[in-house]
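Take a walk through this protein chain, one region at a time. Keep the sequence and the model side by side.

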Amino acid sequence: MARRVLFYSQNSLCFLPPFSSLCSKTKHLTKTLHFRKNPSSSASFCRSYCYNGEAKPTKTEPFVLTTPLYYVNAPPHMGSAYTTIAADAIARFQRLLGKEVIFVTGTDEHGEKIATAAAGQGCSPSEHCDAVSHAYRMLWKDLDIAYDKFIRTTDPGHEAIVKEFYSRVLNNGDIYRADYEGLYCVNCEEYKVQSWIKSGLRDFSVSRASVEWGIPVPNDNKQTIYVWFDALLGYVSALLKDKEQPTLQNAISSGWPASLHLIGKDILRFHAVYWPAMLMSAGFSLPTKVFGHGFLTKDGLKMGKSLGNTLEPKNLVHRFGPDAVRYFFLREVEFGNDGDFSEDRFISIINAHLANTIGNLLNRTLGLLKKNCQSTLAVNSYIAEGNVFKDTVENLVEKARLHYENLSLLSACECVLEIGNAGNLYIDERAPWTLFKQGGASSEAAKKDLVIVLEAMRIISITLSPIAPSLCLRIYSQLGYSKDQFNAVTWNDAKWGGLKAGQVMAEPKPIFARIEVRKDGEGGGDTVQNEVEDNKRIKQTRAIAEA
Ligand code: MSP
């Protein structure tokens with residue numbers, strides 16, 4: 001009985017031999033889940049934390065992308081926002097490719113940890129969950145997160161799905177009653193075992209006798225369903241359509257399997273072992289890919305609620321706006337690796353990339369166009385045939401696309417920024433301000449140069465839009481397009497040649513305000529200005545966003 005364990009290897013599932021003691025406190029190692037070999041579930045590992053199945057979505061299948069469902073024991077911090085920002089960028093990119101996307105996020109609201117947090121706040125678990133879940137949704141709004149489904153594990157529809165799934169696995173003979181003892185960490189909501197995979201995998205317990213705040217086990221009201229067994233199914237119940245009967249059949253037929261689960265590396269075990277085991281037992285397909293990213297750290301330590309060394313995303317967004325926050329974390333931290341936050345670095349990256357390279361390029365080009373061409377394009381942008389700058393832009397767009405596809409978000413940002421750098425170089429070398437003074441043919445050449453640079457700006461506004469959507473909308477609007485036109489763009493529109501002669505550009509206005517720093521006389525280095533300055537900046541950011 002105590003011998004069924006699961007291990008993935010290239011294209012096959014194997015059952016490993018039994019083992020004796022994983023943990024000195026464990027007294028009973030008996031079977032709770034039986035894992036069936038599933039012909040559709042061949043799998044392989046790629047990179048360090050990425051599990052990649054073989055099933056490829058066909059064209060008509062939606063691209064279903066999930067973030068972890070966040071615990072509501074405490075309000076969101078920058079670590080939890082990080083996965084969601086990355087997921088939103090990926091979802092936006094997939095939409096640009098023309099795919100139907102179902103972007104799922106939500107909150108994980110059951111279990112001992114949540115009940116304890118609620119008691120600490122002096123309120124009922126459900127009141128506590130309502131408040132923290134709401135805080136998550138507000139933060140996602142502030143960060144421009146365009147999710148399609150927000151699932152709460154306390155939703156009645158989700159509860160129905162969990163119960164149905166549990167009964168299905170039970171009927172398949174994969175759940176049995178047994179004592180289970182181990183070193184349990186409430187904070188992680190998991191049993192600790194040393195050398196977990198090395199010693200072989202063991203059955204896991206799917207219910208808790210001592211936890212009241214959870215979904216009751218069908219036909220056994222004395223126990224609740226283990227919070228992970230419950231939460232993982234949120235990815236499925238999230239697919240239910242509004243007011244649809246909450247059945248597994250309905251949920252699964254609305255987009256399962258997921259194309260991509262984005263997770264932090266600490267919860268890989270649940271997604272790459274428990275979750276496939278559960279799905280196989282129930283006879284459902286496995287997700288196509290699980291990608292585990294690294295941690296945001298502060299002074300080298302994982303930023304988190306337990307250590308209390310968190311960074312407040314709400315403050316960052318209010319001070320610097322959503323684009324700066326999104327751009328910084330996706331451009332600064334290689335997706336898959338850990339990355340440290342430093343405010344100095346944040347300011348210097350954002351000023352250099354968004355305010356200078358991109359913002360200034362647009363502003364000075366539009367300024368020249370206003371002064372010399374009444375803000376109107378003199379020629380079609382496709383006249384640039386054979387222009388080396390145009391070739392550079394086209395190469396970079398293609399590279400950015402591949403990087404987005406591979407989830408190399410940092411490299412995708414770099415490619416787009418390179419377009420900005422090349423644009424600055426082009427305009428500096430061509431010096432249209434001098435050409436305009438010369439008049440005649442030189443002036444005509446300068447008019448073309450402005451169109452060429454603005455065409456590159458148009459392409460930047462499309463290719464950077466998954467990362468910094470509001471900023472890109474502002475760029476697009478300055479180029480004389482409407483918000484509806486921006487919302488309708490696809491990756492195909494990033495092809496050279498979109499801007500046409502006669503198009504009238506908007507009044508040049510800074511699209512991104514530089515973050516000012518002041519010299520602290522006695523304190524030494526540069527520091528961000530005090531709260532009064534922050535408030536000034538918040539107003540400035542809002543004014544620009546509203547303009
Ligand atoms: N509730 C579970 C997930 C259930 S999914 C069915 C959970 N919640 S969590 O709120 O603790 O963590 C959610 C995600 O945030 C995890 O992927 C975790 O890795 C991520 N992060 C939490 N702190 C983090 C950092 N400091 N840096 C990056 N991500 C981190 O686990």
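Bear in mind that the model is predicted.

Start at Met-78. This residue is found in helix α1, which covers residues 78–96. Met-78 counts as buried because its relative accessible area is 0%, and the cut-off for buried is under 20%.

What does Met-78 touch, leaving out residues up to four places away in sequence? The contacts are Ile-85, Leu-296, Met-303, Leu-311, Pro-313, Leu-316, Val-325 and Phe-329. Take Leu-311 from that list. Leu-311 lies 233 residues from Met-78 along the chain, yet their C-alpha atoms are separated by 5.4 Å.

An α-helix has 3.6 residues a turn, so residues three or four places apart point the same way. After α9 comes Gly-321. Its phi is positive, near 85°.

Now go to the strands. Three strands make up an open sheet, ordered β16-β15-β17, with mixed pairing. The edges are β16 (301–302) and β17 (339–340). Each has a single partner strand, so one side of each is left without a neighbour in the sheet.

Thr-297 stands opposite Asp-340 in β17. In general, strands of a sheet pair through backbone hydrogen bonds.

Technical notes:
Residues numbered from 1 in each chain as written. Predicted model: local features only at pLDDT ≥ 70, side-chain atom pairs only at ≥ 80, totals over all residues. Heavy atoms only, no water. Helix = DSSP H or I, 4+ residues; strand = E, 2+ residues; numbered from the N terminus. Buried < 20%, exposed > 50% of the residue type's maximum accessible area, 1.4 Å probe, protein only. Contact = heavy atoms within 4.5 Å. Pairing = 2+ DSSP bridges.
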